[in-house]
Amino acid sequence: MTSFGVLRSPRTVLFGSGQRAALGWTARSLGQRALICTDERMARDPLFHEMVEDLGRNGVAVHVYDGTMVDVPIGLVETAAEAAKPFGPDVVIGIGGGSCLDLAKAVALLLSHGGDVRGYYGEGKVPGPILPVIAIPTTAGTGSEVTPVAVLSDPDRLLKVGVSSPYLVPTVAICDAELTLTCPRGLTAVSGADALTHAIEAYTAVRRPATAQLAQTNVFVGKNDLSDQFAREAVRVIFANLRRACEDGSDLAAREGMMLGSLTAGLGFGNAGTALAHALQYPLGALTHTSHGEGVAALLPYVMEFNQPAAAPLYAELAGPMGLGAMADEATACDAAIDAVASLFADIGIPTSLGAMRLEAKDIDRVASESLHAARLINNNPRPVDVNGARRVVACALAGDRAAAREELRAD
Ligand SMILES: NC(=O)c1ccc[n+]([C@@H]2O[C@H](COP(=O)([O-])OP(=O)(O)OC[C@H]3O[C@@H](n4cnc5c(N)ncnc54)[C@H](O)[C@@H]3O)[C@@H](O)[C@H]2O)c1
Ligand SMILES: [Fe+2]
């Protein structure tokens, strides 16, 4: 195996409780007129007002757009960009969950290059640098503060769409776990489970031939030696902290662990990419109106069973970071790792079957066939997936019988 690695990341990552107080000088080093993209909840938060005051003290003029809605309907991108144009922002700040951060990235794109956001769907369509973005997550989380993608929803399409480009990686990420202390248990669980799914899918993504063009032709290059470092660390800290953060939302050490976990998972998947669980979540989420994190997490144990024939050694390698102790052999470690993911998710209240998310048997074919449209994710999966493979995963996840799934999904 040839060694190969790609690391695209913000110019600066500030990590730690209280680091939100660095926003003022950080923004001042990038511009003088800041557009903040956030939502109504955050705009009412006293910590938000402190950050706005800090910007003012540092001589940065502020325009706030607080209309972000979850999953970012594309109309919002145009509305926010149009509303900000007369103000003339030279830096864009996203403060909130993944939806606010993705809106900030997409608005910075439109303010820089104009046009219709639909013209940028897919990979590599952004022609050049965009306004500097400062991303401040309040969930842990999507990792969007360090990734090259903005995920949006388009009312003309059933599935969500992505704009992916290295130019979308925020210039600065400020990761302050105190901002997540207000996350209710359910949000902590689904956003944390999303982060774990990012780490595991990045660690087991396909490894592509390490040509000198790979990082030019692909935004997401597949598993590599640098993304592996982040993915492994993410698995370790998320296993050590996610249960605790769900059980006691005021446990700041656990919140800090989860912030580190979502950040490192983002650095992993933001370079390697994700795979089948994310491809299946797009149609699953659209049909069941459930959150991104809930969908990927409910699917992940079944996707891992399906991928076991191709990824068993890698799952076994993750047993250590999961804290599972010494294992007799690789097969035992692989099975234990999959079981550990399933029981962690069950403990924190992730649905253990797609039936619990109200998916119906008649929808199995639709979810399976539409997942294949996410070719970038499907092609990144360690075991090749066709419609029949996708259907088997969805059917087993719908039934929610893990023992049966282990037998059925590992077969040819
Ligand atoms: N760009 C990426 O790399 C990437 C990666 C994964 C997911 N995503 C996208 O991110 C979105 C999901 O983001 P998310 O899970 O962070 O949730 P979110 O941003 O959609 O927010 C969900 C809800 O949580 C609330 N919320 C956020 N922070 C809070 C806090 N600290 N306290 C209380 N409530 C809070 C929000 O107000 C909102 O009502 C999806 O659209 C998903 O597709 C993007
Ligand atoms: Fe995700």
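**Exercise 1. How far apart in helix H6 are Asp194 and His198?**

Solution. Helices (H or I, at least four residues) and strands (E, at least two) are DSSP runs, numbered from the N terminus. Helix H6 covers residues 185-203, and within it Asp194 and His198 are 4 residues apart, so about one helical turn separates them. An α-helix has 3.6 residues a turn, so residues three or four places apart point the same way. The model is predicted: local features need pLDDT of at least 70, side-chain atom pairs count only at pLDDT 80 or more, and totals for chains, interfaces and linings use all residues. Residues are numbered from 1 along each chain as its sequence is written, chains are lettered from A and ligands numbered from 1 in the order in which they are written, and side-chain values use heavy atoms, with hydrogens and water left out.

**Exercise 2. Which residues coordinate the iron ion (ligand 2), and what is the geometry of the site?**

Solution. Step one is to list the donors, which are N, O and S atoms within 2.8 Å of the metal (3.2 Å for Na, K and Ca); water is not among the atoms, so sites may look incomplete. The iron ion (ligand 2) is coordinated by Asp194 through OD and by His198, His278 and His292 through NE2, at 2.1 to 2.2 Å. Step two is the spacing in sequence, D-x3-H-x79-H-x13-H.

Step three is the geometry. Four donors count as tetrahedral if all angles lie between 85 and 135 degrees; four count as square planar and six as octahedral if opposite donors are over 155 degrees apart and all others between 65 and 115; anything else is irregular. The angles among the 4 donor atoms run from 86 to 162°, and the site is irregular.

Step four is accessibility: buried means under 20% relative accessible area, exposed over 50%, partly exposed in between (1.4 Å probe, protein chains only). Asp194 is buried at 3%, and His198 is buried at 2%.

**Exercise 3. Where on helix H4 do the buried residues lie, and what do they pack against?**

Solution. H4 spans residues 74-84, and its buried residues include Ile74, Leu76, Val77, Ala80, Ala81 and Ala84. They cover an arc of only 150° around the axis, so they are on the same side of H4. The arc is that of the directions from the helix axis to the C-beta atoms. Contact means heavy atoms within 4.5 Å. The packing partners are strand E2 (33-37), strand E3 (61-65), helix H5 (98-113) and strand E7 (149-152).

**Exercise 4. Which residues come nearest to ligand 1?**

Solution. A residue is near a molecule or strand if one of its heavy atoms lies within 4 Å of it. There are 26 residues around ligand 1, and Asp39, Gly98, Ser99, Thr139 and Thr147 come nearest. Next come polar contacts, pairs of N or O atoms within 3.5 Å; within protein, one must be able to donate a hydrogen and the other to accept it, and residues adjacent in sequence count only if both atoms are side-chain atoms. A nitrogen atom of ligand 1 is 2.8 Å from a side-chain N or O atom of Asp102. For the side chain of Thr182, the distance from a ligand 1 nitrogen to an N or O atom is 2.9 Å.

**Exercise 5. Is Ser9 buried, exposed or partly exposed, and what is it in contact with?**

Solution. Ser9 lies in the segment before strand E1 (12-15). Its relative accessible area is 33%, so Ser9 is partly exposed. Leaving aside neighbours within four places in sequence, Ser9 is in contact with Val169 and Leu267. Ser9 and Val169 are 160 residues apart along the chain, with 6.4 Å between their C-alpha atoms.
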